[in-house]
Amino acid sequence: MFNMSFINGQTVVSLLAVTVLQWQAACVIAKDMKGSNSEWRLTKLTLLERNSFMFNNSLMSDVKFVPRGCGTDEPIYAHKYILATSSPVFYELFYGESAKRTRLQLDNSFIYEDEGYIVFEEDHFVEPVVSAFLRFLYKEECPENIEYIVRGTRDMAKQYRVPSLETACIKDLELKDTVVSDGEWQLTKTTLLSRSSYMFNNPLMSDIIFWSEGRGVYAHRYILATSSPVFYTMFYGESDIHNDYIYDDFDEEIIAAFLSFLYKEVCPKYIETVLKVLALVKKYRVQSFETTCKSSLEFNTPWPAFKVIEKFLEVDAEEMAEPWWTRIESQLDEIIVSEYFLKISQRTLIAFLERDTLCYPEIDLFHAVVRWSEYQCRLQRMWVTVENQRKVLGDSIFRIRFLSMTEGDFKRHVVPSGVLTDNEVSAIIETMRSGVGNYNYNWALPARSKRAWFCQFYSVEQLQNRVMAIVLGALLLVACVVFMHVYPYLLQIYEEIQETLQRLHCSDYKNFKQEQQAELEEEQKQLNEEQQLRQYRRRRRTIPATTTT
């Protein structure tokens with residue numbers, strides 16, 4: 001019997017909390033390990049997603065943490081690459097002078113090798129603390145806001161010198177003033193992406209080299225294996241390549257651009273480089289490249305859009321071609337009548353006609369396809385006959401949505417061309433009239449999307465003109481309605497303004513006349529005074545003469 005008298009209520013609660021956290025961690029491990037043998041890399045599109053999947057995952061693991069209170073059969077798995085790129089302490093333990101020792105003591109941790117693993121027995125840190133610390137290194141997730149977890153994670157970050165934990169989560173960690181010596185670059189890289197970018201083409205910890213034309217590009221098995229199922233099979237699968245070199249026929253610049261995406265998530269800017277890198281992407285099955293880089297391509301290439309699409313289709317990179325399809329659809333009126341449209345391959349024509357968002361009348365698409373078939377007959381040195389046209393068209397004829405046409409257009413334009421057989425014409429007309437398709441009917445594609453419904457009757461340019469006319473007409477109508485409602489008020493305001501102006505005018509005129517009359521009276525008064533003064537002076541001059549006489 002065990003003596004249970006020393007266990008109090010607080011201890012029971014703590015044990016239950018730890019048990020629950022361990023159970024949750026076990027569920028996460030089971031969920032991750034369930035997909036460890038599958039090609040999970042094809043669904044993880046970013047560096048953070050791939051590293052998050054590797055958290056506490058025995059896949060490719062070479063490090064074990066044994067927290068306090070846990071046995072060696074309940075470890076937390078980790079990987080040298082992640083630890084060494086996050087902390088100078090781990091780097092020294094794995095790749096420095098300390099790596100030569102089989103056992104050593106580090107503060108509260110006892111470190112030794114066991115069955116190919118480097119084991120860290122943590123005498124001070126419990127499982128939730130160790131999990132929170134490693135979760136930050138792999139997922140960049142901050143620890144839970146529980147006092148003992150935050151305090152323990154802070155102590156563990158101090159022990160292994162991970163100041164990025166302070167920058168992101170714990171503001172009172174007081175590691176910002178840590179002196180960074182030569183070689184401790186980990187202290188200045190605060191994110192997974194910045195650390196991974198630093199390791200690009202870096203001989204530090206490199207365990208594999210891409211060799212081409214006498215020159216090599218450094219890489220790391222962990223990054224390659226977490227990005228590609230092909231690399232994982234090469235390094236950790238049945239093939240288990242022990243050679244430190246991978247020999248490829250690709251140029252060094254192309255290999256560097258490929259690895260730059262894996263390490264930095266930086267996509268090539270130019271289409272010529274992308275097409276060359278795609279060969280490596282397809283070879284090693286790096287699914288994230290197409291999804292990530294399709295929106296970052298620059299259209300500054302002299303190549304026609306259809307040529308770029310054909311290059312993508314040749315390497316089965318349909319997703320990369322999507323931005324170029326969008327570009328074609330926005331300039332469909334010009335491109336479909338261009339000379340290069342006649343030069344596209346049958347595969348590209350089929351991909352073009354299968355698009356549901358083509359904003360172009362279906363009857364005009366049919367005429368364009370007929371012109372293409374005529375050009376292809378001449379290009380292949382064949383007579384332009386109905387039989388040869390149908391031969392060069394192949395399955396592309398079945399991608400035209402004849403049911404989107406009216407029966408009249410179909411009879412006037414399609415039937416006389418002769419590219420359809422009598423049975424095909426009869427089946428299409430029967431379907432148009434009854435709405436029930438023939439079982440032998442080969443045109444299985446539905447009508448184009450509702451978004452492009454108007455495009456069955458108008459081209460992009462025509463739609464733009466009509467939309468502009470409708471908008472202008474609507475604005476004019478709204479203006480007329482508003483004017484009719486506002487006109488009485490405007491008329492009333494106008495009359496009031498006129499009346500006010502008239503009153504002001506009359507008042508101003510009356511004042512003007514009064515002022516003018518006052519000025520005239522003043523002038524007349526001055527004239528009278530001057531005249532009286534002159535008469536007075538003349539009389540004064542004549543009075544002395546009379547007296548003398």
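**Questions about labels in this model**

User: Why does Lys 283 count as partly exposed?

Analyst: Its relative accessibility is 42%. Buried means under 20% relative accessible area, exposed over 50%, and partly exposed in between (1.4 Å probe, protein chains only), so Lys 283 is partly exposed. Please keep in mind that this is a predicted model, where local features need pLDDT of at least 70 and side-chain atom pairs count only at pLDDT 80 or more, while totals for chains, interfaces and linings use all residues. Residues are numbered from 1 along each chain as its sequence is written, and side-chain values use heavy atoms, leaving out hydrogens and water.

User: What makes the contact between Lys 283 and Asp 248 a salt bridge?

Analyst: The N to O distance is 2.5 Å. A salt bridge needs a side-chain nitrogen of Lys or Arg within 4 Å of a carboxyl oxygen of Asp or Glu, so this pair qualifies. Lys 283 lies in helix α12 and Asp 248 in the loop between β8 (245-247) and α11, so the pair ties together parts that are 35 residues apart in sequence. Helices (H or I, at least four residues) and strands (E, at least two) are DSSP runs, numbered from the N terminus.

User: Is Asp 248 buried or exposed?

Analyst: Asp 248 is buried, because its relative accessibility is 7%.

User: And how do you know that Lys 282 and Glu 290 form a salt bridge?

Analyst: Their side chains meet at 2.4 Å, N to O. Lys 282 is partly exposed at 33%, whereas Glu 290 is buried at 6%.

User: How are α11 and α12 oriented to each other, and why?

Analyst: The axes of α11 (residues 252-264) and α12 (residues 271-284) come within 9 Å and cross at roughly 65°. Axes are lines fitted to C-alpha atoms, for helices over the stretch in contact, with angles from 0 to 180 degrees between N-to-C directions. Under 35 degrees counts as roughly parallel, over 145 as roughly antiparallel, 65 to 115 as roughly perpendicular and the rest as oblique, so these helices are roughly perpendicular.

User: What makes the phi of Met 60 worth a look?

Analyst: Met 60 has a positive phi of about 60° although it is not a glycine. Met 60 sits in the loop between α2 (47-53) and β1 (63-68), and with a relative accessible area of 10% it is buried.

User: Where does Arg 381 lie, and is it buried or exposed?

Analyst: Arg 381 is in the loop between α19 (362-379) and α20 (386-393). Its relative accessibility is 79%, so Arg 381 counts as exposed. Arg 381 has a positive phi of about 55° and is not a glycine.
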